[in-house]
Amino acid sequence: MPLNVRIGFFLATRALRRASLWTTGLIIGVMVLTFLNLVVVSGILVGLLEGAVVAVRTQYTSDVIISSLNDKKYIENSPNLLLLISTLPEVRAYTARYRQAGVVEANYKTRKDTDKPNTANAMMVGINPAKEDSVTGIGGSIVEGSFLTPDDYDKVVIGGYLLKQYFPVETPGFTTLENVGVGTKIRMNVGGVTREVTVKGILKSKVDEVSMRAYMVDSQFRSLIGRNDGNVAEIALKVAPGADPAAVRDTLLARGAGINAKVQTYEDAQPKFLKDMIATFGMLGTAFSSIGLVVASITIFIVVFINAITRRKFIGILKGIGIHGRAIEASYVFQSVFYALVGSLLGLILVYAFLVPFFYAHPIDFPFSDGILVAPLGTTLLRVGLLVVTTVIAGFIPAMMIIRKNTLDSILGRN
Amino acid sequence: MIETKNLTRSFQNGDVVTPVLKGIDFMANDGEFLAIMGRSGAGKSTLLYQISLLDEPTGGAIKIDGHDTHRMSEDERMRFRLNKFGYVFQDYALLPELTALENVALPLMMQDKSRKSAYAQAERALERVGLGHRLHNLPSQFPAGSSSASPYRAPSRTNRRCSLPTSRPPTSTTSPRAR
């Protein structure tokens, strides 16, 4: 080890070992807060959207989503496709959905001829309740009543965004049903066919595609829309643990699934606005982190500058008795690295042992997502590295400024 | 041997130049023990700062053991101070976070001695000046008044060419005149 580094290390360890516990605690506290600022602020920002992405994946698209082509109402040859899917070992479960836009109406029994009908545009969906629940688990999102069973007849589960009490938004052109709860009869109009059904359950989710739908057992829905060919509009696939959704997508495309359907992974199927927001929030997170890094470097600069200026006389004496300036600079660099590493280590423990599990168990209830804390280890370690490098520079510069002063002036305290 | 020739040192504050040392010729031979006396402000400390290479003279030459110090770079001066000089500062100048042993061993380690060897040499030196029982005391743990046995004196008397007290003589604060 070079002599100056060895002496610098010797001086630094003694300075740290015999420093005031309060001062050391304060500096490390600042470093921990800086680390949290670097990781948590951007992590929450990204997590806000990550929560939305996760929700869309778990409740709607699952890992791979197959949907009808843009110019088709359904996926042609769906039975063959479903047969193919059932043979893929990477697919753990799948659910097929019939889908058709329609209108639900609430006050048809009580309203006068002059009254405006209380209607809402909705996507009507026919599902196999057991298969749907095994893939998306939306049965767990029922907030009132209960989920569908295969034997339900003329019963629907309705998404919360179609009901005024769950989605009190007054947007022109967008209407919701009023005074509708579990047990209320409503009227469904799909493709010119009207049927009276009973609300069995209300489903609440922050995923629009889930909450703006009305669900019915697939066998009845088929008869409602007059479909006997078994062609569905959507198929959501849940892949086995460890399997790559992109690989499953590619396998399906290779087997010709792309001829009659769009085959997308959950990432491919993300709406453009979500992708744009993820990119925007990522940039915001980086901007906030950069500001945090600048604040951290200024803090360390001030701390080391004050430390060095109050010890200017001793620095002068060290130089006077022949200790090389580089060794003294190295001692300040070692001290800065120590503060940065200990602060980051405590921050890492806080983030991964406490904050990430906490936010995973108790997501932040944002209006459009359940926000979690996203802190990928690789990115976090990169930030630790950035913090250490910044701290070293911020510690080195003030030490160098003081060390470069005239030795005798430093010893005598002259300016 | 220390020799100065026509040594000058002036201080400048704006346009005002204050000459302190005006052409000092001085010589101290090996083994000589000298005291420099003079009235307050006469330039005793300034002379010692030049001789001890802590300051740079405005003019003239300083030769120590045949080396022209005015031709040395800052690094060479630093190494010269480390290897040739011992200092006794006015207020003992111990590093507060180092023990007596570490304070003494530090310059020896800077001379590239191993820590073990430096500690052993420092321990022997401290024992010689009666501080063997306070090896691991921090400066703040030394009893008041005992600091006259500064640990820095120990190695300076064991392995260095010159011991330069950079403190003022006791009379300087009581007597305005030279003795």
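Modeller: Helices (H or I, at least four residues) and strands (E, at least two) are DSSP runs, numbered from the N terminus. This is a predicted model, in which local features need pLDDT of at least 70 and side-chain atom pairs count only at pLDDT 80 or more, while totals for chains, interfaces and linings use all residues. Residues are numbered from 1 along each chain as its sequence is written, chains are lettered from A and ligands numbered from 1 in written order, and side-chain values use heavy atoms, without hydrogens and water.

Biologist: Where does A:Arg311 lie?

Modeller: A:Arg311 sits in the loop of chain A between α8 (272–310) and α9 (312–320).

Biologist: Is A:Arg311 buried or exposed?

Modeller: Buried means under 20% relative accessible area, exposed over 50%, and partly exposed in between (1.4 Å probe, protein chains only). A:Arg311 has 17%, and therefore counts as buried.

Biologist: With which residues is A:Arg311 in contact, leaving aside neighbours within four places in sequence?

Modeller: Contact means heavy atoms within 4.5 Å. On that basis A:Arg311 is in contact with A:Tyr332, B:Pro96 and B:Glu97, leaving aside neighbours within four places in sequence.

Biologist: What describes two packed helices?

Modeller: The angle between their axes and the distance between the axes describe them. Axes are lines fitted to C-alpha atoms, for helices over the stretch in contact, and angles run from 0 to 180 degrees between N-to-C directions. In chain A, α2 (residues 21–61) and α10 (residues 325–361) pack at about 45°, with axes 8 Å apart. Angles under 35 degrees count as roughly parallel, over 145 as roughly antiparallel, 65 to 115 as roughly perpendicular and the rest as oblique; α2(A) and α10(A) are therefore oblique to each other.
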